[in-house]
Amino acid sequence: MHRLKAITALGGTEPRVDQHGPITLSEKSGFALASVAARVGGTKATTMAIKRLTGAPVPGPGQTNGTKITAFWTGPDQWMLEAPYNSHEKLFEQATAEVKGKASVTEQSDGWCRFDLQGEGLSAVMERLCAINMHNFEAGHATRTSIEHLGCFVICRTKTHISILGPRSSAGSLHHGLLIAIRSAY
Amino acid sequence: MCKGLTSATFLNKIYCNAFGKLAVGKTRYGLMLREDGIAMDDGTAGRLAEDHFVVTTTTANAASVLRHMEFARQCLWPDLDVQLISTTEAWAQYAVAGPNARKLLEKVVDPEFDLSNEGFPFMACSNIKVCGGLRARLFRISFSGELAYEIAVPTRYGDAMIRELMQAGEEFEVVPYGTEALGVMRIEKGHAAGNELNGTTTALNLGMGKMVSKKKDSIGSILSEREGLKSEDALKLVGFKPVDPKNPVPAGSHLMTLGDPVDAAHDQGYVTSACYSPSLKCSIAIGYLKSGDARKGEIIRLVSPLTGFDHNVEVVSAHFVDPEGERLRA
């Protein structure tokens with residue numbers, strides 16, 4: 001085990017949690033990400049590999065699926081895999097082995113920061129932040145949108161639990177924007 | 001990050017210089033041209049595996065270069081097997097530069113990796129492990145002109161890594177250096193940056209005309225051959241030193257032949273980057289001068305009506321310090 005100590009995207013040793021009104025905003029640092037992009041002629045093999053990794057059908061556009069390892073669609077023939085960091089720090093290696101050269105896999109764990117919004121009435125917050133149609137945004141949906149001028153992925157875990165993945169270098173700005181929106185709504 | 005079975009073929013079309021046969025474990029400086037033949041961006045690309053390149057760009061151009069490469073991948077050559085994704089934020093990368101750079105890194109990089117000049121020569125790149133087993137990447141590249149490396153760790157460990165480097169470097173009197181110091185060193189070295197790749201200049205202007213490979217087709221190579229871009233008296237990147245060492249050589253100044261009137265019709269070029277050089281103990285600058293490469297030794301007039309400067313400077317090579325590159329190969 002190496003001797004370096006990790007910090008979170010907001011720069012803390014522990015993830016930050018904010019509570020306001022009915023909403024809890026939590027910084028999440030314990031997740032691993034790996035991008036998977038099918039190579040030419042490798043779509044079928046890639047979707048089969050993702051199915052084996054997630055134990056669920058491969059998500060189509062706007063969707064996420066899976067159990068311990070989940071996948072969400074990021075573009076034609078491209079997906080992002082997500083799993084707990086503690087158990088899957090080398091998620092990219094696991095995925096690389098699984099796709100057997102039919103897809104390009106890249107570690108993305110530290111490219112993104114993640115903030116989870118939990119509570120009743122998330123729509124009022126999200127409507128202030130982005131153009132997602134919250135009335136139709138349900139568990140299993142995942143999409144890309146712009147929040148505070150940052151390209152973000154938004155994943156609906158349940159009606160009361162949404163994850164927002166944004167560029168890690170802008171974690172502070174994104175967190176600020178989310179807090180402002182929560183305080184504006186409640 | 002550029003991956004895929006034909007990623008080398010792809011980069012060979014994106015960069016104007018040769019990339020198809022770059023060996024695994026090697027890094028190369030690359031110049032990208034716009035379709036109209038003007039220089040767009042430069043950087044290095046390291047080949048970590050047959051089908052895996054790490055492409056770096058000018059910091060401010062990272063998004064636009066990725067967009068350009070995505071366009072090329074999807075629209076120009078959809079038959080090539082290439083996948084691109086940004087890894088800019090996934091890695092925290094530090095330059096470790098100076099004569100003791102290797103000694104410092106040897107204290108941080110795990111001992112099974114050979115950092116000797118033979119084992120890890122100039123322009124080498126590799127996946128390594130640091131601080132007892134953390135995955136990392138090492139590139140022996142140098143923008144400062146010194147013996148230098150760039151070391152990258154997953155971003156969450158970036159804070160711990162710089163503390164480790166500072167501690168390990170204490171015995172070598174290591175200091176953090178910022179972009180201002182880097183800017184001075186790259187001007188002393190004659191390395192082009194955004195001021196030189198300003199959207200109006202060609203590889204020829206930059207003194208890299210020979211880099212545009214004629215053995216292959218790449219974006220911009222054809223239109224860089226246009227008559228107007230290859231004129232005999234084309235602007236060439238050169239260096240400038242004040243005749244009176246007390247004088248500055250401010251960027252933005254225009255250059256006039258001695259005795260000529262100071263007007264646009266007689267303009268000979270302009271200064272792009274300037275600094276005080278601690279190595280040469282005077283102000284220095286680089287910039288574009290008509291037929292500049294053939295005018296070294298000439299005294300010309302530097303004029304900046306806006307700031308009131310008007311004095312003589314000598315045309316010199318843009319490579320002020322270590323022109324043979326001995327330091328970075330040490």
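Start with helix 5 of chain A, residues 171-185, which lies across strand 1, strand 2 (23-28), strand 8, strand 9, strand 10 (150-158) and strand 11 of chain A. Its direction is about 15° from that of strand 8 of chain A. Bear in mind that you're looking at a predicted model here.

Now for the sheet under discussion. In chain A, six strands form an open sheet in the order 1-2-8-11-10-9, and the pairing is antiparallel. Which strands stand at the edges? Those are strand 1 (17-20) and strand 9 (142-147) of chain A; each has a single partner strand, so one side of each is left without a neighbour in the sheet. Going from strand to neighbouring strand in this sheet, the average turn is 25°, direction ignored.

Zoom in on one pairing. Strand 8 (residues 112-118) and strand 11 (residues 161-167) of chain A are joined in the antiparallel sense over seven bridges.

On to the place where the chains touch. Chain A puts 21 residues into the contact, and chain B puts in 23 residues. On the chain A side, the elements giving two or more residues are strand 3 (31-38) and strand 7 (103-107) of chain A. Strand 7 of chain A supplies the largest share of that side, three residues. What classes of residue does the side of chain A that touches chain B have? It has seven nonpolar, eight polar and six charged residues.

Notes
Residues are numbered from 1 along each chain as its sequence is written. Chains are lettered from A and ligands numbered from 1 in the order in which they are written. This is a predicted model: local features need pLDDT of at least 70, side-chain atom pairs count only at pLDDT 80 or more; totals for chains, interfaces and linings use all residues. Two strands pair if DSSP finds at least two bridges between them. Helices (H or I, at least four residues) and strands (E, at least two) are DSSP runs, numbered from the N terminus. Axes are lines fitted to C-alpha atoms, for helices over the stretch in contact, and angles run from 0 to 180 degrees between N-to-C directions. Two residues are in contact if their C-beta atoms, placed from the backbone, lie within 7 Å. Ala, Val, Leu, Ile, Met, Phe, Trp, Tyr, Cys and Pro count as nonpolar, Asp, Glu, Lys and Arg as charged, and the others, Gly among them, as polar.
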